[in-house]
Amino acid sequence: MNEHESRKKTNGFTLIELIVVICIISVLAAMLVPSIMGYVELARNRADVSAADVICKAIQVECAMDTDRIEYFTKNPWRAGVNKDGTKYEADDHGYVYVDQNEVRVSSYAIAKILEENGYIKSAGKNTGEIKEYKFKKDQCKGLICKSRKKWYRYQINIIYRNGEVDFTFSANSKDGERYNTSGQSSGTNLHDQRASEIFAGMIGGTADDIVSLPSL
């Protein structure tokens with residue numbers, strides 16, 4: 001046997017060596033993938049919170065510049081009335097920016113205009129001069145759709161007029177909270193949604209609220 005034939009037989013990996021390499025790669029992947037996904041989710045959470053922070057600051061500036069317009073940010077179109085079963089309900093006295101993975105809803109044209117000016121929606125639409133809900137589907141939005149997938153799947157900025165100043169609270173829904181509500185155990189706020197609201201509010205440095213969905217949901 002010459003030297004060339006000897007080298008030819010010893011080149012390459014054995015089956016056992018290949019199996020060992022594959023096992024090592026699998027273990028490393030199992031360790032790294034959760035960490036990578038965790039970083040991705042954290043980035044999504046921060047994107048939602050950052051957008052909410054920009055919106056709040058823009059509304060604060062607008063209200064400070066023209067106090068006569070405060071009511072257009074802090075009132076909403078849901079007026080007191082009577083349900084189909086005859087029971088009465090009270091109006092929620094707060095403006096809102098509601099964001100989920102498919103659409104954005106706001107309680108007035110003034111808020112819609114803020115979103116347009118900050119590049120979050122393509123167009124605020126036509127100003128009708130009244131306080132009513134404006135809806136924007138995913139294809140009308142530019143970066144404002146809810147990005148989080150685990151901590152929450154929709155969130156809401158509540159705009160309130162308190163002690164002569166515009167204030168904000170924050171609420172959110174989680175998938176666990178949705179499953180809890182649809183199971184028939186509860187139709188209101190639950191611990192899952194409460195926790196989601198607290199996490200969202202904590203990241204933005206604000207106050208969590210029990211308002212976790214709009215009347216039309």
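**Close-up views of a predicted model**

**View 1. Strands β4 and β5 run antiparallel, with 4 bridges joining them.** This is a predicted model, so local features need pLDDT of at least 70 and side-chain atom pairs count only at pLDDT 80 or more, while totals for chains, interfaces and linings use all residues. Residues are numbered from 1 along each chain as its sequence is written, and side-chain values use heavy atoms, with hydrogens and water left out. Two strands pair here if DSSP finds at least two bridges between them; strands (E, at least two residues) and helices (H or I, at least four) are DSSP runs, numbered from the N terminus. Look for Glu-103, whose bridge partner in β5 is Lys-137.

**View 2. On its β3 side, β4 is reached through a hairpin of 3 residues.** Strand β3 (residues 95-99) pairs with β4 in the antiparallel sense, over 3 bridges.

**View 3. Which way do the side chains of β4 point?** Glu-103 and Arg-105 go one way from the strand (residues 103-106), Val-104 and Val-106 go the other way, and all are buried. Buried means under 20% relative accessible area, exposed over 50%, and partly exposed in between (1.4 Å probe, protein chains only). In a regular strand, side chains alternate between the two faces of the sheet.

**View 4. Trp-152, Tyr-155, Phe-170 and Phe-200 make up one aromatic cluster.** The whole structure holds 4 aromatic pairs. Rings of Phe, Tyr and Trp (its six-membered ring) pair if their centres lie within 6.5 Å; planes under 30 degrees apart are stacked, over 60 edge-to-face, and the rest tilted. Phe-170 and Phe-200 form a tilted pair, 6.0 Å centre to centre with 40° between the planes. Here Phe-170 comes from strand β7 (residues 165-173), 30 residues from Phe-200. Phe-170 counts as buried, at 4% relative accessibility.

**View 5. Glu-198 is another residue of helix α6.** At 37% relative accessibility, Glu-198 counts as partly exposed. Glu-198 and Ser-171 are 27 residues apart in sequence but 7.6 Å apart in space, C-alpha to C-alpha.
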